[in-house]
Amino acid sequence: MGEYRNPFTPTFGMVPPFMAGRTYIIDDILRALDHGPGDPNLSTIFIGARGTGKTTLLSYLSSEAASHGWIAVSVAAAPGMLEDIYERTKEAAAEFVDQSDSPKLKGISVAQLFGAEWETPVREPENWRTRMNRLFKSLEKYDIGLLITIDEIRVTLDEMIAFASTYQLFVREGKRVGLLMAGLPQQVSALLRDESVSFLRRCVQHHLDSIANQEVADALRRTIESEGRTVETPELQRMVEAIGGFPFMMQLVGYRVWDQSPCEQEISENDVERGIELACSDMEQRVLAPTYRELSEQDVQFLKAMLPDGAGVSSISSVAKRMGVSSNYASKYRARLIEQGVIGERGRGRIGFDMPFFREYVEKMREA
């Protein structure tokens with residue numbers, strides 16, 4: 001028999017065959033599309049570290065929008081973002097939008113060997129908001145909404161601020177428009193601190209953390225069986241333990257395990273062990289190492305000072321003592337690391353590692 005097709009998708013943003021977890025978030029957004037203007041979930045921000053499934057969630061919701069009477073436009077927060085939103089909207093709504101800017105035939109002269117004269121409608125220069133309003137007007141005739149998704153938001157992009165300010169006006173004017181944004185914790189925090197777009201603080205915010213093991217196990221089994229293969233419960237549980245509730249790790253482990261014996265119907269214990277080993281290496285190179293490189297020297301010292309507490313909870317006072325600094329000084333780095341999604345609060349004055357596998361990676365780097 002030939003190879004079974006690998007259904008796992010360890011590529012950022014690719015929608016897997018079966019989504020693990022996030023059910024209540026998805027339900028809230030899809031209900032908001034049905035409800036239309038006025039539903040708070042139409043303006044939502046997804047916040048999380050790398051690999052927590054932000055981009056995949058945006059992609060999934062974009063693909064679902066059409067069945068709820070919306071067209072979806074997906075862009076990244078990068079230079080040219082505003083023009084990209086306009087062009088992608090025009091492209092997605094081509095059958096509804098009046099293309100009146102197209103050149104029109106003015107006249108034909110037989111004497112000039114069928115020479116043709118064309119005239120193009122002359123318009124005064126229009127800003128982005130005016131052009132978007134024209135598209136909204138065309139879509140309103142068909143009761144079609146526009147869902148805009150923006151990935152990797154960052155406050156340093158001037159167009160991000162300009163867009164957010166104008167989007168607020170679209171909402172106030174009752175436009176059938178929705179906005180889903182996603183970003184790293186520190187970038188979202190910086191954007192929300194910007195006074196010129198303070199209304200974004202009223203957006204619904206979802207902090208994407210780990211997924212329950214039972215949901216991971218269910219999605220894994222369904223994905224494996226969807227392509228005709230099988231896995232016994234002990235092997236499945238070993239995969240779940242290695243995944244640690246991390247969405248991207250689920251796709252890495254599934255992909256690597258599958259590829260060990262792609263012609264065999266049953267996934268074996270050896271397939272699982274070797275696949276997990278390879279997936280862990282992928283995770284380190286693609287998620288953990290880039291996150292570590294973004295940390296300052298003092299950020300790293302703070303994390304290393306948490307290591308003696310094992311996988312448990314650390315107190316700010318004990319971390320500060322190990323760093324040889326005051327608690328107030330250490331708290332500055334605590335706040336930075338929380339914003340980056342690396343650690344999280346565990347009660348007053350207490351913190352723990354939030355990003356899966358990062359504690360082990362910091363320990364490895366300390367010993368290197």
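Leaving aside neighbours within four places in sequence, which residues is cysteine 203 in contact with? I looked, taking contact as heavy atoms within 4.5 Å. Cysteine 203 is in contact with Ser43 and Ile45.

First, a note on the model. I am working from a predicted model, where local features need pLDDT of at least 70 and side-chain atom pairs count only at pLDDT 80 or more, while totals for chains, interfaces and linings use all residues. Residues are numbered from 1 along each chain as its sequence is written, and side-chain values use heavy atoms, with hydrogens and water left out.

Next, I placed cysteine 203. Cysteine 203 sits in the loop between α6 (185-193) and β7 (204-207). Helices (H or I, at least four residues) and strands (E, at least two) are DSSP runs, numbered from the N terminus. Cysteine 203 is buried, at 8% relative accessible area. Buried means under 20%, exposed over 50%, partly exposed in between (1.4 Å probe, protein chains only).

Then I turned to glutamine 251. I found glutamine 251 in helix α9 (residues 247-258). Glutamine 251 is buried, with a relative accessible area of 8%. Beyond its neighbours within four places in sequence, glutamine 251 is in contact with Phe8, Thr9, Pro10 and Pro16.

Last, I checked the cores. A nonpolar core is a set of buried Ala, Val, Leu, Ile, Met, Phe, Trp, Tyr and Cys residues joined through side-chain atoms within 4.5 Å. The largest has 55 residues, and Leu220, Phe302, Leu303, Ile343 and Phe358 touch the most other members. Helix α10 (residues 269-293) gives the most to this core, with 8 residues. Apart from it lies another core of 39 residues, including Leu139 and Met160.
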